[in-house]
Amino acid sequence: KEVAQQQKLANVVILATGGTIAGAGASAANSATYQAAKLGVDKLIAGVPELADIANVRGEQVMQIASESISNDDLLKLGKRVAELAESKDVDGIVITHGTDTLEETAYFLNLVEKTDKPIVVVGSMRPGTAMSADGMLNLYNAVAVASDKQSRGKGVLVTMNDEIQSGRDVSKAVNIKTEAFKSAWGPMGMVVEGKSYWFRLPAKRHTANSEFDIKQISSLPQVDIAYGYGNVTDTAYKALAQGGAKAVIHAGTGNGSVSSRVVPALQELRKNGVQIIRSSHVNQGGFVLRNAEQPDDKNDWVVAHDLNPQKARILAMVAMTKTQDSKELQRIFWEY
Ligand SMILES: NC(=O)C[C@H](N)C(=O)O
């Protein structure tokens, strides 16, 4: 009977990378003071015995770090392992446990480069497993439930936090002290309740199997950096980033990606020297940057990030620049993904 049950269940691999979901604090009262990336994947799985009721789960430790320390090389390593597993006949879905600080970046990266329809779900937690009302167990259970569900196929990389199913493209960490931490300007795609998913929306942007990018063809990512716009800003950071070797600078601009008159000449100069300038917005919910609004992008040969926040714009710029150095191509890619 047990064998028959196992045959019916989906095979889900949990790739663990660290983060608070693998964190531990000194006392149950420590919900914010703790060390991330302490528990191994086997302990995470053993902590949620109910996983065995919804999937045949096995774990792999890909790395063990807090997500603020994730590098481009780490992204490539994780991305390549996900691609290998997605090609394997006996894998139906993949869950990635991840710190929440850069979870939105990794989820978007995978959304761009994994050529598969199989569910890929990225999940984290806001409290360590040792804390009262820890959220990691339920988030992980929900992630495995969504990764096991045939309905999750072809919907791009997903994020399950706080009972919501979010698009890995749209979602962003919006609050850092609540378990309701992840928001998307365009709303969640669905809900997951007691292991069952309820879907309401589909992503309109290109992703995964329909993407022109393939992790198997990417061996390194170009350096792309971000500089922040604010009152009284100077051009020092922008120039320093270019001097440090940035191939593109994301302008984390005020409002609709507006650029201070003190910074405009430096950005025009950088562009003349071959650095791509990409205007994004650092407004918290729903930045929306349009070409030639606020700045003459056609004249300056700059690119706009549209609704992508600066950290997501960095991911797309890096991936796109593995294929093209042409600003018009870059802009097309920013509209399509
Ligand atoms: N909640 C978290 O996971 C935060 C942690 N600093 C991380 O991103 O790894």
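Tutor: Start with serine 125, which is buried, with a relative accessible area of 1%. Buried means under 20% relative accessible area, exposed means over 50%, and partly exposed lies in between, using a 1.4 Å probe and protein chains only. This is a predicted model, where local features need pLDDT of at least 70, side-chain atom pairs count only at pLDDT 80 or more, and totals for chains, interfaces and linings use all residues. Residues are numbered from 1 along each chain as its sequence is written, and side-chain values use heavy atoms, leaving out hydrogens and water.

Student: Where is serine 125 found?

Tutor: Serine 125 sits in the loop between β4 (120-123) and α6 (136-148). Helices (H or I, at least four residues) and strands (E, at least two) are DSSP runs, numbered from the N terminus.

Student: What does the side chain of serine 125 reach?

Tutor: Look for polar contacts. A polar contact is a pair of N or O atoms within 3.5 Å; within protein, one must be able to donate a hydrogen and the other to accept it, and residues adjacent in sequence count only if both atoms are side-chain atoms. The serine 125 side chain reaches the backbone nitrogen of isoleucine 21 at 3.3 Å. A polar atom of that side chain also lies 2.8 Å from the backbone oxygen of arginine 127.

Student: Which residues surround the ligand?

Tutor: A residue is near a molecule if one of its heavy atoms lies within 4 Å of it. Here the ligand is surrounded by Gly19, Thr20, Tyr34, Ala66, Ser67, Glu68, Gly99, Thr100, Asp101 and Ser125. By class, this shell has 2 nonpolar, 6 polar and 2 charged residues. Ala, Val, Leu, Ile, Met, Phe, Trp, Tyr, Cys and Pro count as nonpolar, Asp, Glu, Lys and Arg as charged, and the others, Gly among them, as polar.

Student: Which atoms lie 2.9 Å apart at the ligand?

Tutor: A polar side-chain atom of glutamate 68 and a nitrogen atom of the ligand. For aspartate 101, a side-chain N or O atom is 2.8 Å from a ligand nitrogen. Serine 125 takes part through its backbone: an N or O atom there lies 3.0 Å from a nitrogen atom of the ligand. The protein covers 92% of the 270 Å² of accessible area that the ligand has on its own. Such areas come from the Shrake-Rupley method with a 1.4 Å probe; for residues, only the protein chains shown count as cover.

Student: How many cavities of 30 Å³ or more does a search find?

Tutor: Rolling a probe the size of a water molecule over the atoms shows where empty space is left. On a 1 Å grid over the protein atoms alone, a cavity is a set of points where a 1.4 Å probe fits but cannot get out, and a pocket is an open set with protein on both sides within 12 Å along at least five of seven lines; lining residues have an atom within 4 Å of a point. Grid points are joined across faces, edges and corners, and a volume is the space filled by probe spheres set on the points. The search finds 1 cavity of 30 Å³ or more. The largest cavity has a volume of about 40 Å³. Its lining includes Thr116, Asp117 and Thr208.

Student: Is threonine 208 buried or exposed?

Tutor: Threonine 208 is buried, at 2% relative accessibility. Its phi is near 35°, a positive value in a residue other than glycine.

Student: What lines the largest pocket?

Tutor: That pocket holds about 450 Å³ of space. It is lined by 25 residues, of which Ser172, Val283, Asn284, Asn309 and Gln311 lie nearest its centre. α10 gives the most to this lining, with 3 residues.
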